[in-house]
Every structure is written in C-alpha cells, then in structure tokens.
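Try each task before reading its solution.

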Amino acid sequence: MSFRLSYRADPGNPWFSWQYVRDNSDTVLAALRDHTTLTLRAVLIAALIAVPLAVVAYWFRPLTGPILALTGVLYTVPSLAVFAFVAPYLGIGAATVLSVVVLYALLVIVRNTVAGLNQVPAEVREAAEGMGYGRFGRLLRVELPLAVPGILTGLRLATVSTVALVTVGVVIGRGGLGQIIFAGFQNNLYKAQITTGTLLCVLLALVLDLLLVGAGWLLTPWLRGRAG
Amino acid sequence: MNPVQQAVIWLNDPLNWTNPGGILDRLGEHVSMSAAAVLLGCLVAWPLGLWLGHTGRGGGLVVLVSNLTLAVPTLALLTILPLTFLGFGRPAVVVALAVFAVPPLLANAYTGVRQVDPQTREAARGMGMTGIQVLRRVELPLAVPYLAAGFRTAAVQVVATAALATFVNGGGLGEIIRFGFGLSIAVGGGQILAGGLLVAGLALAVELLFALVERLVTPRPLRRSRRGAGRRAADAVAGS
C-alpha cells in the first residue's frame, strides 16, 4: 500500500475534493477495507472473550468487584502506552493493533454485559429455576437473551470506539484510515486527505452502529411492541 | 537482551531524564498541556452544563455531544485543528484535547444539577431566591460531588489522550514512544517500553490523585450514595 498522493491537479488546498478521492480511490479503499476488517475482527474476538468473562463475574459474585475494578484500571492506561507494551513482543503488524484494540473493546463489553445480566429480575430467575432449568440452561435460554440489550449497548460502544482507536495504529504503520489521515498531515497538511479519512471513519462508525441496532431489533422481538 | 532489560537500562540513564527533550521536559509538556486543556474544558462545559441542568433542557444535547466525540478519532481532531485559524502548534493541541474533556464535564454538571431534590429547589424558591440564587446557593453546592467526578474522568482522559499529541509534533511523553518506534523495534524496543511505562504511570497517578481529591471534596454524608451515582454518570460518557 502506498499512501503517497498519486496525482494532484489543483495546487490549492481545499477541505474536501472529489478529485483527490477519485485519483486515490485505490489507496482510500484499501485503507477503508483494512480499517473495517481490523474493527470487525477486534470486536468479534473481544465479544468471544468478554461475554464468558462477564458470565463468570455474574455467577461468582465475589469476582464481580475485582473484574470490574481491573477493567476500570486498564481503561485508564493510554492506548499509545499499550501499543508500547505490546509492540516489542508482537512486532509490527496486525497482531499488535488487534491485541490493543481488543483490550479496550473487551473492557466495554464486559462491563455492559455484567450490567445486563444483573438486570434480569430475580423472579424470572426463580421461575426458570422452578421450571427445572440448570445453571447453563438458564443462562442460555433465559438470562443471556434477557441481557441482550445490555450486551448490545456494550457492542455498540465498543464498535464505535474501536473504529476511532484503530487510527492510533499509525504508530506501527497499520492504522487503516489513520494512515490516510496521518499521510495527509505529512503531505504538507493536505486537507482533503485528512478530511476524507476522518469522514470515512465517522461514516464507518455510523454504519456499523446502525447494523448493530438492526441486529438488536431482530434479536429482541419481545421489546418491539413496547417501544411503540 | 530483552526489551524489559533494555527499558530498565534506558530509564536508569540520567541523561535520558535531564537532556533537552528528555523525560523531565516531556513530562512538563505533557502535564502543562493537559492542565490547560482540562481548564479550557471546564470553562466551557461547566457553565453550560450547570445552566442546562438548571433550566432542565438540553438532555438530548448532552447525549449527542458525548456520542459524537466517541466516534471522532483523536488523531483526526489533532490533525484537523492545526489547519484552522488556530494554526500549527500548542494552542491547536490544547483545544483538541479540551474537546475530549468536555463530554464528561458537561454530562456530570448536567446530572449533578438535575439530581437535586425538586423539593429542595422548591423550598429555595419559596424562600424568595431568584433563579440565579437557587443555582449558586443550592444547586451548585449539591452538585459538587458530580462536578468532582466529572473533573476526575476528564483529567484522566486528557492525560491519556495527550500521549497522542506526538503525532502532530505536539510534545509530551508520547514523543518518547514515537521516537522509539522511529528507531525500529530491535533498537528502540527498550525506549518504547520505557515510554509506555511512563505514560501509563502518569495516567494511573493522575487517576489516584483525583480519586483522593474527589473523596475530599465530597461531604461525608453524601459519600456513599452520591459517589456511585457520580461514577455512573461519568461511565455513561466514558463509554461503559
């Protein structure tokens, strides 16, 4: 991937230019693709780790405090510092970006999933118990479905902030759209390039967020009647 | 030699601390620009949040502002602001950081005023206080725990974000990390790790310091119940 400008007809420095987007569509699309796959992989991995972790915190109450406190402390560690911790071991590449981004997404999803599970009413839990559900059956058939709104809130926040966070990957040369933004900064502050990268970031966050809202609508048919 | 040993050696070299552009210089830059950003954020967010809370309007605005800042990459804001009238340099970086301080400050100021018992507010009105007096003498003191919680969240967030100022040559502790990456990992691994430790250490130290301050400014009877609520309001913005 090359992030150098391939052609610039107008010597001016506009805030946005279709000319730039057309001339560099390959680069922009490659960066967008990289950004999207990094984000989706990160959120997916984070969800696969975070939900079981939240279930552990939910089942073993004494663990809830420490798990949430740990996620809180980890959240205060700056992303650039985490890159610095990981990069010397994982080297330059997608693995480093992913592990850092996954970490932050993880924290958000864990907290919201625990909150979602704790919102399941005690009567519902007792009723499920009375119907003969075991611990796992109750979790899969009753508690997790009821916690879907909480989990989804976590996923949405995690996705949107992951899209923003991936850009920090420029420090190791793998920042998706961040590459475009940073390259614009280095190309004598070429505004159109910076704005294109930024707009695509915000747009990507918006699209992924809407997709998750749609998924939530499909997953929680029992909530639909109530809202209207 | 593994990166940890390299980092220890790098941190133990006194010249790395005292040289121009060394750790002490970078620390000074980091703290001063963070402080300026938080101060600027307070100047904007607190009056606005208190006023919106007092009038009871603008709840939607507060949510919108906090959601919007979540989606905009820090890097983008740091690169875009120098292109505006602010120009290239420290002011642009401070303003960019202040933007990220506004949501927690605003949301907590708003929530802090909103949570005041309506009966208390009515009693104050009944005593003949004007709107401004109610805000200044009743709502503001009762909102202090929330303001403190918001301040803490904002300060920690800004100190963490200020590490990214290095991408626009804005200085700060992030420079140490970026320089390390510039050297390639084999050579600069120790410096990268050392920089990471410094940045993380500063963020955690700020978190601890302001947790203590938050506790000190919260009157004892308000501590247990209100603090939880304050954190919740902060968390709602911090994205969790």
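**Exercise 1. Helix packing**

Find the handedness of the crossing between helix 5 and helix 7 of chain A, then describe their packing.

Solution. Helix 5 of chain A passes helix 7 of chain A in a right-handed crossing; in such a crossing the near helix is turned clockwise from the far one by less than a right angle. By class, this contact has 14 nonpolar, seven polar and one charged residues. Next, the angle: helix 5 (residues 94–118) and helix 7 (residues 135–166) of chain A pack at about 155 degrees, with their axes 8 Å apart. The two helices of chain A are therefore roughly antiparallel (angles over 145 degrees).

This is a predicted model, in which local features need pLDDT of at least 70 and side-chain atom pairs count only at pLDDT 80 or more, while totals for chains, interfaces and linings use all residues. Residues are numbered from 1 along each chain as its sequence is written, chains are lettered from A in the order in which they are written, and side-chain values use heavy atoms without hydrogens and water.

**Exercise 2. One histidine**

Is His54(B) buried or exposed?

Solution. Locate His54(B) in helix 3 (residues 23–55) of chain B. His54(B) has a relative accessible area of 13%, so it is buried (under 20%, with a 1.4 Å probe and protein chains only). Beyond four places in sequence, its contacts (heavy atoms within 4.5 Å) include Arg114(B), Arg125(B) and Glu139(B).

**Exercise 3. The interface**

How many residues does the contact take from chain B and from chain A?

Solution. Each chain gives 39 residues. About 3300 Å² is buried between chain B and chain A, and carbon and sulfur atoms give 83% of that area.

Note on methods:
Axes fitted to C-alpha atoms, helices over the stretch in contact; angles between N-to-C directions. Helix = DSSP H or I, 4+ residues; strand = E, 2+ residues; numbered from the N terminus. Parallel < 35°, antiparallel > 145°, perpendicular 65-115°, else oblique. Nonpolar A, V, L, I, M, F, W, Y, C, P; charged D, E, K, R; others polar. Buried < 20%, exposed > 50% of the residue type's maximum accessible area, 1.4 Å probe, protein only. Buried area = accessible area lost by both parts, 1.4 Å probe.
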